[in-house]
Amino acid sequence: MTVHVLGPVEITKHGAPVPVRRRKQRLLIALLATRANQLVPLSRIIDVLWEQEVPKAARNQVHVHVAAVRRALTASDGDPAAVETCPTGYVLHAPPADVDLVRFDNAVSRGESELSAGRLTEADRLFRTALAAWRGTPLDGLEGRFAHAESARLEQRRLRVHEHQLDIGLTLGRFADLVPELAGLLTTNPLHEGFRRRYMLALYGAGRSADALAAFRDGRRVLGDELGIEPTRELRDTEVAILRATPVEELVGELLPPARRGERPDWGPRPRPQQLPAQANHFVGRTQVLARLDDVAGRRRSPVLVTGPGGIGKTAVCTRWAHANAAEFPDGALYIDLRGSGPTPVEPADALGRFLRALGTPADRIPGDVNEAAADFRSLLASTRTLILLDDAASAAQVRPLLPGTPSCRAVVTSRHRLDELTVRDGVEPIRLDALSATEAGDLLAAIAGRRRLHNEPTGTIARLAAACEYRPTALRGVALQLAERPELRIAGYLRELLAAPSFP
(Lines give C-alpha, C1' and ligand atoms only; values in the text may rest on other atoms or scores of the structure.)
Protein backbone atom coordinates (compact mmCIF):
# COMPACT_ATOMS: atom_id res chain seq x y z
CA MET A 1 0.00 0.00 0.00
CA THR A 2 1.41 3.35 -1.09
CA VAL A 3 0.20 6.86 -0.32
CA HIS A 4 1.06 9.27 -3.14
CA VAL A 5 1.34 13.06 -2.84
CA LEU A 6 4.23 13.70 -5.29
CA GLY A 7 1.76 13.81 -8.14
CA PRO A 8 -1.99 13.09 -8.00
CA VAL A 9 -3.08 12.36 -4.41
CA GLU A 10 -4.17 8.74 -4.12
CA ILE A 11 -3.68 5.39 -2.41
CA THR A 12 -2.56 2.49 -4.58
CA LYS A 13 -2.41 -1.28 -4.16
CA HIS A 14 0.12 -3.03 -6.41
CA GLY A 15 0.07 0.04 -8.66
CA ALA A 16 -3.74 0.16 -8.99
CA PRO A 17 -5.59 3.08 -7.37
CA VAL A 18 -7.94 2.49 -4.44
CA PRO A 19 -11.00 4.76 -4.95
CA VAL A 20 -11.01 7.84 -2.72
CA ARG A 21 -13.36 10.12 -4.60
CA ARG A 22 -14.36 12.76 -2.08
CA ARG A 23 -12.24 15.92 -2.22
CA LYS A 24 -12.05 16.42 1.54
CA GLN A 25 -10.81 12.86 2.05
CA ARG A 26 -8.06 13.38 -0.52
CA LEU A 27 -7.18 16.68 1.18
CA LEU A 28 -7.00 14.81 4.49
CA ILE A 29 -4.69 12.18 2.93
CA ALA A 30 -2.47 14.96 1.57
CA LEU A 31 -2.30 16.75 4.91
CA LEU A 32 -1.48 13.61 6.90
CA ALA A 33 1.04 12.37 4.31
CA THR A 34 2.92 15.66 4.06
CA ARG A 35 3.20 15.57 7.87
CA ALA A 36 3.84 11.82 8.11
CA ASN A 37 4.95 10.63 11.57
CA GLN A 38 3.88 13.98 13.04
CA LEU A 39 0.77 14.82 15.01
CA VAL A 40 -1.64 16.86 12.91
CA PRO A 41 -3.94 18.75 15.30
CA LEU A 42 -7.67 18.51 14.76
CA SER A 43 -7.83 22.32 14.48
CA ARG A 44 -5.36 22.23 11.57
CA ILE A 45 -7.39 19.53 9.82
CA ILE A 46 -10.53 21.65 10.14
CA ASP A 47 -8.71 24.71 8.75
CA VAL A 48 -7.58 22.75 5.70
CA LEU A 49 -10.87 20.96 4.99
CA TRP A 50 -13.03 24.07 5.45
CA GLU A 51 -11.27 27.21 4.30
CA GLN A 52 -14.40 29.35 4.42
CA GLU A 53 -17.41 28.62 6.65
CA VAL A 54 -16.72 25.87 9.18
CA PRO A 55 -19.81 23.73 9.92
CA LYS A 56 -20.89 23.27 13.51
CA ALA A 57 -20.41 19.51 13.18
CA ALA A 58 -16.88 19.86 11.77
CA ARG A 59 -15.30 17.64 14.41
CA ASN A 60 -17.75 14.83 13.76
CA GLN A 61 -17.26 15.18 10.02
CA VAL A 62 -13.48 14.92 10.46
CA HIS A 63 -13.99 11.62 12.29
CA VAL A 64 -16.11 10.39 9.37
CA HIS A 65 -13.45 11.36 6.84
CA VAL A 66 -10.69 9.72 8.91
CA ALA A 67 -12.73 6.51 9.06
CA ALA A 68 -13.07 6.58 5.26
CA VAL A 69 -9.32 7.03 4.83
CA ARG A 70 -8.72 4.10 7.19
CA ARG A 71 -11.05 1.95 5.11
CA ALA A 72 -9.13 2.90 1.96
CA LEU A 73 -5.85 1.93 3.60
CA THR A 74 -7.32 -1.38 4.78
CA ALA A 75 -8.75 -2.10 1.33
CA SER A 76 -5.23 -1.85 -0.05
CA ASP A 77 -3.94 -4.51 2.37
CA GLY A 78 -2.62 -1.78 4.63
CA ASP A 79 -2.58 -1.61 8.38
CA PRO A 80 -5.61 0.38 9.65
CA ALA A 81 -3.43 1.40 12.60
CA ALA A 82 -1.32 3.42 10.16
CA VAL A 83 -3.61 6.32 11.09
CA GLU A 84 -3.38 6.75 14.84
CA THR A 85 -6.03 8.65 16.77
CA CYS A 86 -4.51 10.90 19.44
CA PRO A 87 -6.27 13.09 22.03
CA THR A 88 -5.72 16.22 19.96
CA GLY A 89 -5.42 14.96 16.40
CA TYR A 90 -4.13 12.20 14.11
CA VAL A 91 -0.81 10.75 12.96
CA LEU A 92 -0.11 8.86 9.73
CA HIS A 93 2.71 6.43 10.51
CA ALA A 94 5.19 5.59 7.76
CA PRO A 95 5.85 2.71 8.06
CA PRO A 96 3.50 0.85 8.02
CA ALA A 97 2.22 3.25 5.36
CA ASP A 98 4.50 3.63 2.34
CA VAL A 99 4.44 7.40 1.68
CA ASP A 100 6.26 8.53 -1.46
CA LEU A 101 7.26 11.82 0.19
CA VAL A 102 8.90 9.94 3.07
CA ARG A 103 10.88 7.85 0.58
CA PHE A 104 11.92 11.05 -1.19
CA ASP A 105 13.00 12.70 2.07
CA ASN A 106 14.99 9.67 3.20
CA ALA A 107 16.83 9.35 -0.10
CA VAL A 108 17.62 13.09 -0.16
CA SER A 109 18.93 12.99 3.41
CA ARG A 110 21.21 10.05 2.63
CA GLY A 111 22.31 11.67 -0.63
CA GLU A 112 23.28 14.87 1.18
CA SER A 113 25.33 12.84 3.68
CA GLU A 114 27.17 11.09 0.84
CA LEU A 115 27.71 14.41 -0.90
CA SER A 116 29.12 15.95 2.28
CA ALA A 117 31.55 13.05 2.51
CA GLY A 118 32.68 13.50 -1.10
CA ARG A 119 31.17 10.26 -2.43
CA LEU A 120 29.68 11.84 -5.54
CA THR A 121 28.64 8.72 -7.44
CA GLU A 122 26.65 7.32 -4.51
CA ALA A 123 25.12 10.75 -3.82
CA ASP A 124 24.06 11.00 -7.47
CA ARG A 125 22.42 7.56 -7.29
CA LEU A 126 20.47 8.51 -4.16
CA PHE A 127 19.27 11.78 -5.65
CA ARG A 128 18.05 9.93 -8.74
CA THR A 129 16.23 7.50 -6.44
CA ALA A 130 14.60 10.44 -4.66
CA LEU A 131 13.41 12.03 -7.90
CA ALA A 132 12.05 8.71 -9.12
CA ALA A 133 9.38 8.98 -6.40
CA TRP A 134 7.81 11.89 -8.30
CA ARG A 135 4.93 11.33 -10.72
CA GLY A 136 4.07 14.92 -11.59
CA THR A 137 2.94 18.13 -9.92
CA PRO A 138 2.67 17.54 -6.16
CA LEU A 139 -0.91 17.37 -4.83
CA ASP A 140 -2.14 17.47 -8.41
CA GLY A 141 -5.90 17.75 -8.64
CA LEU A 142 -6.42 19.47 -5.30
CA GLU A 143 -7.42 23.11 -4.91
CA GLY A 144 -7.31 25.50 -1.98
CA ARG A 145 -4.76 27.43 0.03
CA PHE A 146 -3.16 24.41 1.68
CA ALA A 147 -2.81 22.47 -1.56
CA HIS A 148 -1.34 25.42 -3.46
CA ALA A 149 1.14 26.36 -0.72
CA GLU A 150 2.23 22.76 -0.10
CA SER A 151 2.61 22.08 -3.81
CA ALA A 152 4.85 25.13 -4.20
CA ARG A 153 6.94 24.11 -1.18
CA LEU A 154 7.47 20.56 -2.43
CA GLU A 155 8.25 21.74 -5.95
CA GLN A 156 11.03 23.96 -4.59
CA ARG A 157 12.52 20.98 -2.76
CA ARG A 158 12.47 18.94 -5.96
CA LEU A 159 14.28 21.71 -7.83
CA ARG A 160 16.94 21.84 -5.11
CA VAL A 161 17.63 18.11 -5.56
CA HIS A 162 17.97 18.76 -9.29
CA GLU A 163 20.58 21.38 -8.43
CA HIS A 164 22.51 18.82 -6.36
CA GLN A 165 22.49 16.41 -9.29
CA LEU A 166 23.61 19.07 -11.72
CA ASP A 167 26.47 20.15 -9.45
CA ILE A 168 27.70 16.57 -9.30
CA GLY A 169 27.47 16.15 -13.07
CA LEU A 170 29.34 19.40 -13.71
CA THR A 171 32.01 18.49 -11.17
CA LEU A 172 32.49 15.15 -12.94
CA GLY A 173 32.83 16.92 -16.31
CA ARG A 174 29.59 15.72 -17.92
CA PHE A 175 29.12 19.05 -19.68
CA ALA A 176 27.74 17.96 -23.06
CA ASP A 177 25.35 15.44 -21.45
CA LEU A 178 23.89 18.10 -19.15
CA VAL A 179 23.21 20.73 -21.82
CA PRO A 180 19.88 19.27 -23.09
CA GLU A 181 18.70 18.48 -19.55
CA LEU A 182 19.39 22.02 -18.41
CA ALA A 183 17.77 23.48 -21.53
CA GLY A 184 14.61 21.55 -20.65
CA LEU A 185 14.68 22.71 -17.03
CA LEU A 186 15.02 26.35 -18.15
CA THR A 187 12.08 25.95 -20.53
CA THR A 188 9.80 25.14 -17.59
CA ASN A 189 11.65 27.37 -15.07
CA PRO A 190 12.88 30.40 -17.08
CA LEU A 191 13.33 32.58 -13.97
CA HIS A 192 15.44 30.03 -12.06
CA GLU A 193 18.85 31.70 -11.92
CA GLY A 194 20.51 28.64 -10.40
CA PHE A 195 19.60 26.54 -13.42
CA ARG A 196 20.68 29.32 -15.78
CA ARG A 197 24.11 29.59 -14.18
CA ARG A 198 24.60 25.83 -14.45
CA TYR A 199 23.41 25.93 -18.06
CA MET A 200 26.05 28.57 -18.82
CA LEU A 201 28.72 26.42 -17.15
CA ALA A 202 27.65 23.31 -19.08
CA LEU A 203 27.76 25.18 -22.39
CA TYR A 204 31.11 26.74 -21.51
CA GLY A 205 32.56 23.39 -20.46
CA ALA A 206 31.32 21.84 -23.71
CA GLY A 207 33.29 24.47 -25.67
CA ARG A 208 30.29 26.67 -26.51
CA SER A 209 31.33 29.99 -24.96
CA ALA A 210 29.22 32.12 -27.30
CA ASP A 211 26.10 30.10 -26.46
CA ALA A 212 26.89 30.43 -22.74
CA LEU A 213 27.04 34.22 -23.04
CA ALA A 214 23.84 34.23 -25.10
CA ALA A 215 22.14 32.24 -22.32
CA PHE A 216 23.13 34.99 -19.87
CA ARG A 217 21.67 37.68 -22.12
CA ASP A 218 18.44 35.71 -22.47
CA GLY A 219 18.25 35.42 -18.70
CA ARG A 220 18.78 39.14 -18.19
CA ARG A 221 16.02 39.90 -20.68
CA VAL A 222 13.55 37.47 -19.08
CA LEU A 223 14.23 38.75 -15.56
CA GLY A 224 13.84 42.32 -16.72
CA ASP A 225 10.62 41.69 -18.65
CA GLU A 226 8.96 39.48 -16.03
CA LEU A 227 10.21 40.88 -12.72
CA GLY A 228 11.91 44.17 -13.51
CA ILE A 229 15.16 43.08 -11.84
CA GLU A 230 18.76 42.43 -12.83
CA PRO A 231 20.44 39.00 -12.55
CA THR A 232 22.08 38.13 -9.24
CA ARG A 233 25.71 38.97 -8.68
CA GLU A 234 26.54 35.26 -8.85
CA LEU A 235 25.13 35.05 -12.36
CA ARG A 236 26.87 38.27 -13.45
CA ASP A 237 30.19 37.02 -12.03
CA THR A 238 29.82 33.83 -14.08
CA GLU A 239 29.38 35.91 -17.25
CA VAL A 240 32.52 37.91 -16.43
CA ALA A 241 34.49 34.73 -15.72
CA ILE A 242 33.52 33.29 -19.11
CA LEU A 243 34.48 36.54 -20.85
CA ARG A 244 37.86 36.32 -19.16
CA ALA A 245 38.27 32.69 -20.26
CA THR A 246 38.58 31.46 -16.67
CA PRO A 247 39.26 27.69 -16.71
CA VAL A 248 35.98 25.83 -16.40
CA GLU A 249 37.47 23.55 -13.74
CA GLU A 250 37.94 26.59 -11.52
CA LEU A 251 34.34 27.70 -11.96
CA VAL A 252 32.87 24.26 -11.47
CA GLY A 253 35.11 23.68 -8.46
CA GLU A 254 33.15 26.40 -6.63
CA LEU A 255 29.92 24.40 -6.82
CA LEU A 256 30.95 21.72 -4.31
CA PRO A 257 33.16 22.61 -1.32
CA PRO A 258 35.77 20.20 0.04
CA ALA A 259 34.22 17.11 1.62
CA ARG A 260 33.81 17.29 5.37
CA ARG A 261 32.80 14.52 7.71
CA GLY A 262 30.54 14.80 10.72
CA GLU A 263 29.50 18.38 9.90
CA ARG A 264 26.47 19.80 8.13
CA PRO A 265 27.76 21.56 5.02
CA ASP A 266 27.24 25.31 4.75
CA TRP A 267 26.29 24.88 1.11
CA GLY A 268 23.41 22.51 1.85
CA PRO A 269 19.83 23.33 0.94
CA ARG A 270 19.08 26.92 1.85
CA PRO A 271 16.26 27.11 4.40
CA ARG A 272 13.01 28.41 2.99
CA PRO A 273 11.12 29.51 6.10
CA GLN A 274 7.33 29.58 5.90
CA GLN A 275 6.42 31.60 8.98
CA LEU A 276 3.15 33.25 7.94
CA PRO A 277 0.37 32.90 10.52
CA ALA A 278 -2.84 31.16 9.52
CA GLN A 279 -5.45 33.22 7.74
CA ALA A 280 -8.50 34.43 9.63
CA ASN A 281 -11.67 32.45 8.97
CA HIS A 282 -14.72 34.31 7.64
CA PHE A 283 -12.78 37.11 5.98
CA VAL A 284 -15.06 39.73 4.41
CA GLY A 285 -14.56 42.88 2.38
CA ARG A 286 -11.21 44.68 2.04
CA THR A 287 -11.21 44.37 -1.76
CA GLN A 288 -9.86 47.89 -2.25
CA VAL A 289 -7.05 47.41 0.27
CA LEU A 290 -6.07 44.06 -1.25
CA ALA A 291 -6.03 45.68 -4.70
CA ARG A 292 -3.80 48.47 -3.36
CA LEU A 293 -1.44 45.88 -1.88
CA ASP A 294 -1.35 44.14 -5.26
CA ASP A 295 -0.41 47.42 -6.90
CA VAL A 296 2.17 48.69 -4.40
CA ALA A 297 3.79 45.51 -3.11
CA GLY A 298 3.20 43.52 -6.28
CA ARG A 299 3.54 45.56 -9.44
CA ARG A 300 5.43 48.54 -8.02
CA ARG A 301 7.51 46.36 -5.63
CA SER A 302 7.61 48.95 -2.85
CA PRO A 303 7.63 48.26 0.89
CA VAL A 304 4.17 48.79 2.37
CA LEU A 305 3.01 50.17 5.73
CA VAL A 306 -0.59 49.31 6.67
CA THR A 307 -1.81 51.49 9.54
CA GLY A 308 -4.98 51.72 11.59
CA PRO A 309 -6.25 51.47 15.16
CA GLY A 310 -6.17 48.27 17.19
CA GLY A 311 -8.66 45.60 16.15
CA ILE A 312 -9.20 47.07 12.69
CA GLY A 313 -7.85 43.92 10.94
CA LYS A 314 -4.36 44.95 9.78
CA THR A 315 -2.80 41.55 10.44
CA ALA A 316 -5.73 39.70 8.87
CA VAL A 317 -5.67 41.64 5.61
CA CYS A 318 -1.87 41.49 5.25
CA THR A 319 -1.80 37.78 6.05
CA ARG A 320 -4.52 37.13 3.49
CA TRP A 321 -2.60 39.04 0.82
CA ALA A 322 0.62 37.23 1.72
CA HIS A 323 -0.95 33.76 1.43
CA ALA A 324 -2.63 34.68 -1.85
CA ASN A 325 0.74 35.75 -3.28
CA ALA A 326 2.91 33.02 -1.74
CA ALA A 327 3.87 31.68 -5.16
CA GLU A 328 5.66 34.98 -5.88
CA PHE A 329 8.07 34.26 -3.02
CA PRO A 330 9.57 30.81 -3.64
CA ASP A 331 12.38 31.42 -1.13
CA GLY A 332 9.97 31.69 1.77
CA ALA A 333 8.18 34.08 4.10
CA LEU A 334 9.43 35.56 7.38
CA TYR A 335 7.03 36.82 10.04
CA ILE A 336 7.45 38.46 13.42
CA ASP A 337 5.12 40.11 15.91
CA LEU A 338 7.10 43.20 16.93
CA ARG A 339 4.73 43.84 19.87
CA GLY A 340 4.76 47.57 19.17
CA SER A 341 1.41 48.17 20.88
CA GLY A 342 2.56 46.55 24.11
CA PRO A 343 4.88 47.63 26.92
CA THR A 344 7.93 45.71 25.66
CA PRO A 345 8.45 45.99 21.87
CA VAL A 346 10.88 43.53 20.31
CA GLU A 347 14.38 44.96 19.95
CA PRO A 348 15.69 45.07 16.35
CA ALA A 349 18.70 42.93 17.32
CA ASP A 350 16.38 40.22 18.70
CA ALA A 351 14.21 40.30 15.58
CA LEU A 352 17.28 40.01 13.35
CA GLY A 353 18.54 37.11 15.41
CA ARG A 354 15.29 35.23 14.85
CA PHE A 355 15.34 35.92 11.12
CA LEU A 356 19.02 34.96 10.71
CA ARG A 357 18.47 31.66 12.53
CA ALA A 358 15.45 30.96 10.33
CA LEU A 359 17.66 31.57 7.29
CA GLY A 360 20.21 29.02 8.49
CA THR A 361 22.77 31.12 10.36
CA PRO A 362 24.13 29.24 13.42
CA ALA A 363 23.38 31.06 16.66
CA ASP A 364 27.08 31.48 17.48
CA ARG A 365 27.67 33.29 14.15
CA ILE A 366 24.99 35.97 14.58
CA PRO A 367 26.67 39.37 15.18
CA GLY A 368 25.87 41.16 18.40
CA ASP A 369 25.97 44.55 16.70
CA VAL A 370 22.59 45.39 15.17
CA ASN A 371 24.13 47.04 12.09
CA GLU A 372 26.31 44.01 11.35
CA ALA A 373 23.36 41.68 11.86
CA ALA A 374 21.24 43.82 9.51
CA ALA A 375 24.00 43.66 6.87
CA ASP A 376 24.12 39.86 7.16
CA PHE A 377 20.33 39.74 6.88
CA ARG A 378 20.35 41.79 3.67
CA SER A 379 23.17 39.66 2.27
CA LEU A 380 21.24 36.44 2.82
CA LEU A 381 18.20 37.93 1.09
CA ALA A 382 20.14 39.48 -1.79
CA SER A 383 19.63 36.65 -4.29
CA THR A 384 16.21 35.53 -3.06
CA ARG A 385 12.55 36.29 -3.48
CA THR A 386 11.37 36.38 0.10
CA LEU A 387 8.42 38.04 1.83
CA ILE A 388 8.94 39.76 5.19
CA LEU A 389 5.83 40.54 7.25
CA LEU A 390 6.60 42.86 10.19
CA ASP A 391 3.52 42.97 12.38
CA ASP A 392 2.61 45.62 14.98
CA ALA A 393 5.63 47.89 14.62
CA ALA A 394 6.38 50.49 17.27
CA SER A 395 8.65 52.90 15.40
CA ALA A 396 10.65 53.51 12.26
CA ALA A 397 13.86 52.75 14.17
CA GLN A 398 12.52 49.31 15.04
CA VAL A 399 11.56 48.53 11.42
CA ARG A 400 14.45 49.98 9.42
CA PRO A 401 17.09 47.26 10.18
CA LEU A 402 14.53 44.61 9.15
CA LEU A 403 13.92 45.92 5.64
CA PRO A 404 15.47 43.90 2.80
CA GLY A 405 18.01 45.58 0.56
CA THR A 406 16.88 43.96 -2.68
CA PRO A 407 13.87 44.74 -4.91
CA SER A 408 13.21 41.02 -5.39
CA CYS A 409 12.01 40.79 -1.78
CA ARG A 410 8.93 42.48 -0.31
CA ALA A 411 8.38 43.98 3.13
CA VAL A 412 4.88 44.51 4.52
CA VAL A 413 4.63 46.37 7.85
CA THR A 414 1.62 46.88 10.11
CA SER A 415 1.40 49.47 12.85
CA ARG A 416 -1.04 51.51 14.90
CA HIS A 417 1.23 54.50 14.25
CA ARG A 418 1.82 56.45 11.04
CA LEU A 419 5.64 56.05 11.07
CA ASP A 420 6.06 59.00 8.72
CA GLU A 421 9.85 58.65 8.82
CA LEU A 422 9.60 55.34 6.96
CA THR A 423 7.56 57.00 4.24
CA VAL A 424 9.88 59.99 3.86
CA ARG A 425 13.26 58.34 4.30
CA ASP A 426 12.77 54.74 3.20
CA GLY A 427 10.19 55.03 0.43
CA VAL A 428 7.61 52.93 2.26
CA GLU A 429 4.10 53.33 0.83
CA PRO A 430 1.42 53.96 3.50
CA ILE A 431 -2.03 52.35 3.31
CA ARG A 432 -4.67 53.39 5.83
CA LEU A 433 -7.08 50.66 6.93
CA ASP A 434 -10.51 51.84 8.06
CA ALA A 435 -13.44 50.11 9.72
CA LEU A 436 -15.73 47.73 7.84
CA SER A 437 -18.84 49.08 6.18
CA ALA A 438 -22.18 48.36 7.85
CA THR A 439 -22.92 45.72 5.19
CA GLU A 440 -19.53 44.04 5.64
CA ALA A 441 -19.93 44.06 9.42
CA GLY A 442 -23.31 42.36 9.07
CA ASP A 443 -21.84 39.79 6.68
CA LEU A 444 -19.08 38.97 9.17
CA LEU A 445 -21.57 38.52 12.02
CA ALA A 446 -23.77 36.34 9.82
CA ALA A 447 -20.85 34.19 8.66
CA ILE A 448 -19.98 33.25 12.23
CA ALA A 449 -23.26 33.42 14.17
CA GLY A 450 -25.55 32.30 11.34
CA ARG A 451 -27.49 34.41 8.86
CA ARG A 452 -30.89 32.87 9.64
CA ARG A 453 -30.45 33.68 13.30
CA LEU A 454 -29.69 37.31 12.52
CA HIS A 455 -32.78 37.59 10.31
CA ASN A 456 -34.99 36.55 13.22
CA GLU A 457 -34.00 39.60 15.27
CA PRO A 458 -35.93 42.87 15.45
CA THR A 459 -35.13 45.45 12.78
CA GLY A 460 -32.05 47.46 13.61
CA THR A 461 -30.63 45.02 16.20
CA ILE A 462 -27.75 43.86 14.03
CA ALA A 463 -26.94 47.40 12.92
CA ARG A 464 -26.78 48.53 16.57
CA LEU A 465 -24.58 45.54 17.44
CA ALA A 466 -22.17 46.35 14.60
CA ALA A 467 -22.10 50.00 15.64
CA ALA A 468 -21.38 49.00 19.24
CA CYS A 469 -18.34 47.10 17.94
CA GLU A 470 -17.32 50.23 16.01
CA TYR A 471 -17.34 48.07 12.85
CA ARG A 472 -13.94 46.62 13.86
CA PRO A 473 -13.39 43.01 12.73
CA THR A 474 -11.72 41.87 15.96
CA ALA A 475 -14.61 43.04 18.15
CA LEU A 476 -17.18 41.71 15.67
CA ARG A 477 -15.54 38.30 15.63
CA GLY A 478 -15.48 38.23 19.41
CA VAL A 479 -19.18 38.90 19.84
CA ALA A 480 -20.13 36.62 16.94
CA LEU A 481 -18.22 33.74 18.50
CA GLN A 482 -19.97 34.32 21.82
CA LEU A 483 -23.31 34.26 20.04
CA ALA A 484 -22.37 31.06 18.23
CA GLU A 485 -21.59 29.44 21.59
CA ARG A 486 -24.98 30.53 23.02
CA PRO A 487 -27.57 29.59 20.38
CA GLU A 488 -30.45 29.94 22.83
CA LEU A 489 -29.74 33.63 23.46
CA ARG A 490 -31.67 36.34 21.63
CA ILE A 491 -29.26 38.83 20.07
CA ALA A 492 -31.29 41.81 21.28
CA GLY A 493 -30.86 40.61 24.85
CA TYR A 494 -27.20 39.93 24.31
CA LEU A 495 -26.76 43.47 22.95
CA ARG A 496 -28.32 44.92 26.12
CA GLU A 497 -25.87 42.85 28.23
CA LEU A 498 -22.99 43.97 26.05
CA LEU A 499 -23.77 47.67 26.26
CA ALA A 500 -24.18 47.43 30.02
CA ALA A 501 -20.76 45.87 30.50
CA PRO A 502 -18.33 48.48 31.90
CA SER A 503 -15.40 47.15 29.88
CA PHE A 504 -17.09 47.34 26.47
CA PRO A 505 -16.04 48.11 23.84
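Biologist: Is Leu 227 buried or exposed, and what is its relative accessible area?

Modeller: First, a caution: this is a predicted model, in which local features need pLDDT of at least 70, side-chain atom pairs count only at pLDDT 80 or more, and totals for chains, interfaces and linings use all residues. Residues are numbered from 1 along each chain as its sequence is written, and side-chain values use heavy atoms, with hydrogens and water left out. Buried means under 20% relative accessible area, exposed over 50% and partly exposed in between, with a 1.4 Å probe and protein chains only. Leu 227 is therefore buried, with a relative accessible area of 16%.

Biologist: Which residues is Leu 227 in contact with, leaving aside its neighbours within four places in sequence?

Modeller: Leu 227 lies in helix H9, residues 209-227 (helices, H or I with at least four residues, and strands, E with at least two, are DSSP runs numbered from the N terminus). Gly 298 sits 71 residues away in sequence, and the two C-alpha atoms are 9.9 Å apart in space. Taking contact as heavy atoms within 4.5 Å, the partners of Leu 227 beyond those neighbours are Leu 191, Val 222, Arg 301 and Arg 385.

Biologist: Now the five-stranded sheet: which strands stand at its edges, and why is one side of each left without a neighbour?

Modeller: This open sheet has parallel pairing and the order S9-S10-S11-S8-S12, where two strands pair if DSSP finds at least two bridges between them. Each edge strand has a single partner strand, so one side of it has no neighbour in the sheet; these strands are S9 and S12 (429-432).

Biologist: Which residue of S10 is the bridge partner of Ala 333?

Modeller: Strand S9 (residues 333-337) and S10 run parallel, with five bridges between them. S10 itself (residues 387-393) is mostly covered, as seven of its seven residues are buried. Ala 333 has as its bridge partner in S10 Leu 387.

Biologist: How many residues of S11 are buried?

Modeller: S11 (residues 410-415) is joined to S10 by five bridges in the parallel sense, and Ala 393 has Ser 415 as its bridge partner. Arg 410, Val 412 and Thr 414 point one way from S11, while Ala 411, Val 413 and Ser 415 point the other way. S11 is largely enclosed by the rest of the structure because the buried count is six of the six residues.

Biologist: What angle does helix H12 make with S12?

Modeller: Strand S8 (residues 304-307) is linked to S11 by four parallel bridges and to S12 by four parallel bridges. Leu 305 is bridged to Val 413 of S11, and Val 306 stands opposite Ile 431 in S12. Axes are lines fitted to C-alpha atoms, for helices over the stretch in contact, and angles run from 0 to 180 degrees between N-to-C directions. H12 (residues 287-299) lies across S8, S11 and S12, and its angle to S12 is about 175°.

Biologist: In the three-stranded sheet, which residue of S6 stands opposite Val 40?

Modeller: Here the order is S4-S6-S5, in an open sheet with antiparallel pairing, and its edge strands are S4 (40-41) and S5 (83-86). H1 packs on this sheet, touching S4, S5 and S6, at about 70° to the direction of S6.

Biologist: How much space lies in the largest cavity?

Modeller: On a 1 Å grid over the protein atoms alone, a cavity is a set of points where a 1.4 Å probe fits but cannot get out, a pocket is an open set with protein on both sides within 12 Å along at least five of seven lines, and lining residues have an atom within 4 Å of a point. The largest cavity is lined by residues including Val 3, Ile 11 and Leu 92, and helices H1 (23-34) and H3 (58-75) each supply at least two lining residues. Its space, as filled by probe spheres set on points joined across faces, edges and corners, is about 50 Å³.

Biologist: Which helix gives the most to the lining of the second largest pocket?

Modeller: That pocket holds about 560 Å³ of space, and among its 20 lining residues Val 54, Pro 55, Lys 56, Ala 58 and His 282 lie nearest its centre. H2 (42-49), H3, H18 (438-449) and H21 (473-485) each supply at least two lining residues. With four residues, the top contributor is H2.
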